[in-house]
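Have a look at it first, then read on.

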Amino acid sequence: FAKNPHVYYGTLDEDAGQGSGPPDTTFKSCTGKEHTRDEYGNIEDELVKGISNLEGTLSMANSGEPDTGGTQFFINLKDNKHLDWFNGESESAHPVFGKIVEGYEDVVKKIEKVETSAEQPVNPIKMISVKIEEK
């Protein structure tokens, strides 16, 4: 995912909020598979679960081309089923890899409302830690 603390650098609109990960790094997924980001921060696609882009889920951003995810993720601020990779009616392919299970109203809704300039918070927002739990 990304190092702690992690700067949350972008806000898009009422649909999704966005962050990034560092290029030229390696990490292990929840399944234990090691991934290496290329010089652009890209990783191979892992579209293995059909989890929908619903409010409060974390999803991989990409350029629309294969194997271009990994440098950015976004938080779905509302249901965005049109972004599902398995939705045959859409060209979007954004796999969900997590869900916010605690602090959504207290934290994410506040991030959504911060002052921005050029789609970036005027005052940087940092994620101090992220806890990953498999359910």
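Lys-109 is a buried residue in this predicted model, with a relative accessible area of 19%, so it comes in under the 20% cut-off. Two salt bridges turn up in the structure, and Lys-109 takes part in a bridge with Glu-55 as well as in one with Glu-112.

**The bridge to Glu-55**
- Lys-109 pairs with Glu-55, and their closest N and O atoms sit 3.7 Å apart.
- Lys-109 belongs to helix H1 (residues 104–112), while Glu-55 is in the loop between strand S5 (34–36) and strand S6 (57–60), so this pair ties together parts that are 54 residues apart in sequence.
- Glu-55 counts as partly exposed, at 34% relative accessibility.

**The bridge to Glu-112**
- Lys-109 also meets Glu-112 through their side chains, at 3.5 Å from N to O.
- Both residues lie in helix H1, three residues apart, or about one turn of the helix.
- Glu-112 is partly exposed, with a relative accessible area of 29%.

- The protein chain has a mean pLDDT of 76, with 80% of its residues reaching 70 or more.
- Residues 1–7 have pLDDT below 50, and beyond near neighbours in sequence this stretch has 24 contacts in the model.
- Residues 11–20 are also below 50, and that stretch has 42 contacts beyond near neighbours in sequence.

Conventions. Residues are numbered from 1 along each chain as its sequence is written. Side-chain values use heavy atoms; hydrogens and water are left out. pLDDT is the predictor's confidence in each residue, from 0 to 100. Contact means heavy atoms within 4.5 Å. A salt bridge is a side-chain nitrogen of Lys or Arg within 4 Å of a carboxyl oxygen of Asp or Glu. Helices (H or I, at least four residues) and strands (E, at least two) are DSSP runs, numbered from the N terminus. Buried means under 20% relative accessible area, exposed over 50%, partly exposed in between (1.4 Å probe, protein chains only).
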